[in-house]
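I opened the model to look up two things. First came the ligand site, then the aromatic pairs.

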Amino acid sequence: TKLPTLMFRTPAEADRHVALVVESLIRENNSAGVPTVLGLPTGSTPIGVYRELIRLHKEEDLDFSQVITFNLDEYFPMQPDSIHSYNRWMRANFFDHVNIPEENIHIPRGDIPVEEIDAFCEEYERQIEKAGGIQLQLLGIGRTGHIAFNEPGSSRNSLTRGVTLDPQTRRDAASSFFGAENVPHHAVTMGVGTILSARKIILMALGEHKASIVRKAVEGEVTEEVTASFLQKHP
Ligand code: PGA
């Protein structure tokens, strides 16, 4: 079966559509008195959705007080207050502008000793489970075809874990790190299995440069094809 795919003329229309899905879920859950568990991405793709959700909070009383969030990933090593951290990015672009309680926000940590990563990741999975699982996962897609930092070759059942970034991914991040050599080689990321266990997933891709990678993903070719090129590069 083909994945349902919606196309929009402008990014603003896509942002509005996705924000509306998030808004409806939150309002429905708020009326029922149950929490809303969201999986959240960083990057250039979701910025417009966050802006629209902030507007809905400020102008249309969208209440985030029962929202629980789990972010997809963080560089490793990375201090949470670094200008490069996804933790800081999420606060600047979203959390600082809505009323999600601090204790409901979960972001993988890049500031723990390397030997504690496995235990941290197991605990992250436990917290998702304890929250009742992710109801709606928002996602971007990277040039390598990665979702979160699951680079080609990641297994279908992979869970939250420490990973090595693809050289292409590090090159793509170079401009925000003032040079590829400053981009960390590692990250902590939710796994493919973690993401696929969300009840609903919306993968957003904006711009012509994402068209071919999405076409492959929708046609189900992306995993094999990108994995093959990855294996050629990293035999
Ligand atoms: P982008 O990143 O939203 O900045 O294009 C997407 C990704 O790498 O997952």
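I began with H146: an N or O atom of its side chain is 2.7 Å from an oxygen atom of the ligand. I count a polar contact as a pair of N or O atoms within 3.5 Å. This is a predicted model, where local features need pLDDT of at least 70, side-chain atom pairs need 80 or more, and totals for chains, interfaces and linings use all residues. Residues are numbered from 1 along each chain as its sequence is written, and side-chain values use heavy atoms, without hydrogens and water.

I checked two further side chains. K210 places a polar side-chain atom 2.6 Å from a ligand oxygen. For S44 I noted 2.9 Å from a polar side-chain atom to an oxygen atom of the ligand.

Next I looked up the cover. Alone, the ligand exposes 280 Å², by the Shrake-Rupley method with a 1.4 Å probe. The protein buries 72% of that.

Then I listed the shell (a heavy atom within 4 Å). G43, S44, T45, G140, I141, G142, H146 and K210 surround the ligand. By class I noted 1 nonpolar, 6 polar and 1 charged residues, with Gly counted as polar.

I turned to the rings. The structure holds 10 aromatic pairs, with ring centres within 6.5 Å. I picked F64 and F94: their centres are 5.7 Å apart and their planes stand at 80°, so I logged the pair as edge-to-face (over 60 degrees). F64 is in the loop between α2 (47-60) and β2 (67-71), and F94 is in the loop between α3 (86-93) and β4 (105-106), so the pair ties together parts 30 residues apart in sequence.

Notes
Polar contact = N/O pair within 3.5 Å; in protein donor to acceptor, adjacent residues only side chain to side chain. Phe/Tyr/Trp six-rings, centres within 6.5 Å; stacked < 30°, edge-to-face > 60°. Helix = DSSP H or I, 4+ residues; strand = E, 2+ residues; numbered from the N terminus.
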